[in-house]
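Have the structure open while you read.

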Amino acid sequence: MSFLLVSIPLWPMLAALVILLFCRRNPVPGGWIAVGGGVLSLLTLLFIAGEQFTVQTFWARSGYDLTIGLQLDNLSAYTALLVAGVGLLVTLYAVTYMPHETNTGWFFVEFSFFIGAMLALVLASSFILLFAAWEAVGLASFLLIGFHYSEPEARSSARKAFLMTRVGDAGFLLGWLLALHFAGTANISSFIDTVNAGQISDSMLTLMAILFLMGAVGKSAQLPLTAWLPAAMVGPTPVSALLHSATMVAAGVFLLLRLYPLFSAAPGALTTVLWIGGLTALLGALMATTRWDIKRVLAWSTVSQIGEMFMALGLAGPVGAAYHLGTHATFKSALFLTAGAVDHQAGSRDLRHLGGLGRKMPFTAGVFVLSALALAGVPPFSGFWSEDKIVMASVAESPWLGAFMLLLIFLAGTYISRLGAAVFWKWPHAPEVKAKDPDAVMKTAMGLLALFAAGLGWALHGHLKKLLPFSSEHPVILGWQIAAAFAAILGIGFGTWRVRSAGPVPALGFSARSNQKKHPDRMRGKPFPAAGGINAIEKGFDRVVARGALHAASGLARMVDRTEDGFSAAADGIRRTAFRVADAGDRLEQGFDRAAYGLSRSTLRMADASDTAEHRGFSYGLDRFAELFSRSGGRLKPIQSGKLYQYTLVISVWALVISIIGTAFLFN
């Protein structure tokens with residue numbers, strides 16, 4: 001089992017490695033290898049999905065238990081199935097969509113790596129692996145958004161996405177380091193246990209929650225870090241389909257779900273999440289009603305839908321957030337694949353250059369309709385069941401919040417019906433466009449995702465308690481259910497009517513019809529004044545937030561450079577000081593060596609001299625001296641007569657000789 005769990009993120013990673021080594025210049029086999037990696041990953045996950053266990057090892061011990069590992073529980077299995085399933089179908093779609101591009105082999109390398117990194121993120125059991133996978137997802141998204149790197153817009157959008165998400169990632173990094181400090185381990189479950197045990201003060205809980213929220217806001221493109229997501233539409237459509245559904249933007253919501261006990265325990269944290277999500281949902285929905293690019297409409301829709309998930313979390317409704325995360329992954333990926341099919345066949349994504357494609361692309365139109373009804377929240381499609389949870393959580397908090405959710409549902413129906421009517425229906429002054437449905441491989445991926453978009457919400461309804469580790473649910477109020485369905489249908493009707501009567505004008509621009517009658521050529525020109533306020537908001541956010549993030553990142557980079565220069569200078573000074581000390585020590589050592597060598601030579605010479613003196617001087621001299629005394633004694637022996645005067649005479653003569661010699665030395 002442990003090997004199977006580890007292999008889930010490794011299969012796409014291994015596929016990326018094989019493509020890199022053997023199929024980088026041959027896109028067709030490379031694409032099918034990527035599909036094979038996705039199939040193996042999904043099958044492995046399905047095989048062990050009912051189990052709950054952890055694979056963990058120690059990375060290091062340095063006062064803290066730094067662990068890395070994977071964990072399979074209800075939440076991680078649910079999210080991993082979304083990532084693997086949607087990723088597999090989008091990869092299958094890309095096999096036919098991408099061969100006309102250059103460097104397609106590199107695309108599948110990055111795409112498979114992207115899916116593998118996201119699977120590692122949702123299965124991680126420790127903050128260390130979670131953060132590493134979090135950064136890997138950011139790197140992969142940067143490479144995929146800037147895939148057409150020869151185009152200045154692609155480079156600019158990739159750089160914007162990278163810098164703005166890094167701002168949030170800085171908060172995430174500080175948050176998990178604080179968690180490591182208080183829990184003493186990098187294991188996420190141990191940290192949650194520490195939070196539940198009440199061992200951390202309220203102020204520190206709130207601080208950590210806000211820091212983690214920064215990371216979620218950056219990845220999920222919530223206010224104020226919103227502008228990067230619509231700009232990311234310059235990437236290939238499969239990237240948009242995956243990035244906007246089950247991977248990049250889903251990572252922020254998943255982080256809040258994984259750490260939900262922290263947010264529910266931290267005073268003020270859920271309220272902050274609620275306000276950020278509500279304002280972002282409203283802004284994204286309003287923006288989506290004014291855009292002409294299909295993918296930008298869907299991008300702002302994603303911003304709004306993720307905002308609704310944040311709202312659900314802020315309203316203590318994690319079940320609704322997780323539920324909508326799953327249904328949104330299916331219908332939004334299907335919608336992006338239809339946008340790619342239209343772009344491929346019609347050669348444009350501009351609503352003003354499209355129209356009447358329903359008869360020419362009936363299969364694509366059918367996929368779009370099913371997915372759009374799911375997004376709008378029309379019963380019995382998926383979005384109705386998941387948004388119903390969010391509506392009930394809002395009503396439980398306040399009727400005004402319930403009314404706000406009805407407004408968001410109305411706007412969703414408006415912008416998605418405006419998009420569908422402008423592309424697939426005939427409208428005034430619509431151009432004639434030649435197009436046809438895509439090939440069988442693309443249709444297979446689109447059709448399966450459309451079926452999931454239509455039925456996943458109904459299939460999951462009633463089973464969420466078994467699938468998710470959350471117990472908080474709110475009672476269903478029939479009147480609000482009916483009101484939500486009516487708001488969705490009313491929005492669809494209003495958006496369709498606007499396009500049928502005046503063309504793809506901004507849906508909420510009430511002067512658009514008269515402008516269309518007076519200036520029909522303006523449909524392909526500049527935006528209508530009616531949308532100027534919303535456009536100004538978008539430009540303001542783009543300038544203030546995106547440029548602010550760029551300046552902040554640039555300033556941070558300069559600060560890092562200066563810090564690095566300071567460290568380099570300090571290190572160089574330490575190096576030079578150490579070199580000088582070492583050189584002085586070396587010279588001192590050489591002096592000691594010379595002194596010791598000289599001392600040893602002197603000692604050796606003294607020993608030799610002493611030995612010579614001993615043998616030649618003392619031994620030989622004393623022997624001679626003893627021999628002299630012996631001989632002298634023999635010669636003096638005859639004078640030993642025993643007569644006193646003879647001894648007195650000898651002593652007197654000896655004293656006289658000594659006196660003469662001493663006087664001579666004295667006067668000389």
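Predicted model: local features only at pLDDT ≥ 70, side-chain atom pairs only at ≥ 80, totals over all residues.

Residues are numbered from 1 along each chain as its sequence is written, and side-chain values use heavy atoms, with hydrogens and water left out.

The chain's average pLDDT (the predictor's confidence in each residue, from 0 to 100) is 81, and 75% of the residues score at least 70.

**Salt bridges**

How many salt bridges does a search of the whole structure find? It turns up ten, where a salt bridge is a side-chain nitrogen of Lys or Arg within 4 Å of a carboxyl oxygen of Asp or Glu.

| Pair | Closest N and O atoms |
|---|---|
| R296 and E153 | 3.9 Å |
| D169 and K219 | 3.5 Å |
| R349 and D343 | 3.6 Å |

Take the R296 and E153 salt bridge to start with. R296 sits in helix 14 (residues 294–314) and E153 in helix 6 (residues 152–183), so this pair ties together parts that are 143 residues apart in sequence. Helices here are DSSP runs (H or I, at least four residues), numbered from the N terminus. R296 is partly exposed at 24% relative accessibility, and E153 is partly exposed too, at 46%. For these labels, buried means under 20% relative accessible area, exposed means over 50%, and partly exposed is in between (1.4 Å probe, protein chains only).

D169 is in helix 6 and K219 in helix 8 (residues 202–219), so the pair links parts that are 50 residues apart in sequence. Are D169 and K219 buried or exposed? Both D169 and K219 are buried.

In the R349 and D343 salt bridge, R349 is partly exposed, with a relative accessible area of 21%, whereas D343 is buried at 19%. There's a network to look at, too: salt bridges that share partners join E135, R166, D169 and K219.

**A look inside**

Rolling a probe the size of a water molecule over the atoms shows where empty space is left. The structure holds five cavities of 30 Å³ or more. A cavity is a set of points, on a 1 Å grid over the protein atoms alone, where a 1.4 Å probe fits but cannot get out; lining residues have an atom within 4 Å of a point.

The second largest cavity contains about 70 Å³ of space, the volume being the space filled by probe spheres set on the points. Which helices each supply at least two residues of its lining? They are helix 2 (27–48), helix 3 (74–97) and helix 4 (104–123). Helix 3 gives the most, with five residues. Among the lining residues are P12, A34, S41, V83, T91, I115 and L119. By class, the lining has seven nonpolar, five polar and no charged residues. Here Ala, Val, Leu, Ile, Met, Phe, Trp, Tyr, Cys and Pro count as nonpolar, Asp, Glu, Lys and Arg as charged, and the others, Gly among them, as polar.

**One threonine**

T496 is in helix 21 (residues 478–502). It's buried, with a relative accessible area of 17%. Leaving out residues up to four places away in sequence, T496 touches S417, A421 and W425.

A cis peptide bond joins L223 and P224, with omega about 5°. P224 lies in the loop between helix 8 and helix 9 (228–231). Another cis peptide bond joins P379 and P380, with omega about 10°; P380 is in the loop between helix 16 (362–376) and helix 17 (382–397).

Two phi values are worth a glance. A316 has phi near 60°, a positive value in a residue other than glycine. A316 lies in the loop between helix 14 and helix 15 (318–346) and counts as partly exposed at 29% relative accessibility. H429, also a residue other than glycine, has a positive phi near 65°, and its place is in the loop between helix 18 (399–424) and helix 19 (440–460).

Definitions and conventions:
1 Å grid on protein atoms, 1.4 Å probe; cavity = no way out; pocket = protein on both sides within 12 Å on 5 of 7 lines; lining within 4 Å. Contact = heavy atoms within 4.5 Å.
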